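Hi,

Here is the structure I promised to pass on. Please have a look at it first, and then read my notes below.

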Amino acid sequence: RRSSDLGGLDLAAMRVRDRVAAAIRIRLEQNAGAREAAARATALLALPHNAPAAARITARTVDAIWRAIGDRSADVSWYTKRASLAAIYGATMLYWLRDDSEGAEETLRFLDRRIEALMLIPKAQRRLGEIAARLPDPFGLLARLRRA
């Protein structure tokens, strides 16, 4: 498979997390021959006066990834998906720049761990919601105290 073959994957049959991982892997493959240039560009973009450019580049990249894997959201999840992916993508790129393992295998494992950690957030939110639902309503308690 060539590095630009995201279109050759059966994205509809894949879980979202697998689509995201595949897109980032392909992006890393595309940059494999230019690792030194990517490191220099990253160093330049890390300078404070380049923060706006770094933000624009990252935003375009993560938006392109989400669109390429079929995301068509137009609600608040549009923002949360891109912010989450920006964190994962940025951390993965930094890890990749220092990875000397064969085929960047360590980076791919790192990427999988980051995605797995992100998947824990909705589970934790659901659990917290369940716990919060069992707690007494503080406003109702205050209202009863006020009436007493």
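To start with a pair of helices: α2 and α4 make a left-handed crossing. Please keep in mind that this is a predicted model. Helix α2 covers residues 35-45, and its axis lies 10 Å from that of α4, at an angle of about 130°. On the α2 side the contact is made by R35, A38, A39 and T42, which meet L94, W96 and L97 of α4. By type, the residues of this contact are 5 nonpolar, 1 polar and 1 charged.

Helix α4 also packs against α3. Here the crossing is right-handed. The two axes come within 9 Å and cross at roughly 110°, which means that α3 is roughly perpendicular to α4. From α3, the residues involved are T58, T61, V62, D63, I65, W66 and R67, and they meet W78, K81, R82, L85, A86 and Y89 in α4. This contact divides into 7 nonpolar, 2 polar and 4 charged residues.

Which residues touch the most other members of the largest nonpolar core? They are V20, I24, L85 and W96, out of 23 residues in that core. Helices α1 (16-31), α3 (51-68), α4 (76-98) and α5 (105-134) each supply at least two of the core residues. Leaving aside residues up to four places away in sequence, V20 touches W66, I69, L85 and I115.

Best wishes

Methods. Residues numbered from 1 in each chain as written. Predicted model: local features only at pLDDT ≥ 70, side-chain atom pairs only at ≥ 80, totals over all residues. Heavy atoms only, no water. Core = buried A, V, L, I, M, F, W, Y, C linked by side-chain atoms within 4.5 Å. Buried < 20%, exposed > 50% of the residue type's maximum accessible area, 1.4 Å probe, protein only. Helix = DSSP H or I, 4+ residues; strand = E, 2+ residues; numbered from the N terminus. Contact = heavy atoms within 4.5 Å. Axes fitted to C-alpha atoms, helices over the stretch in contact; angles between N-to-C directions. Parallel < 35°, antiparallel > 145°, perpendicular 65-115°, else oblique. Left-handed = near helix turned anticlockwise from the far one by under 90°. Nonpolar A, V, L, I, M, F, W, Y, C, P; charged D, E, K, R; others polar.
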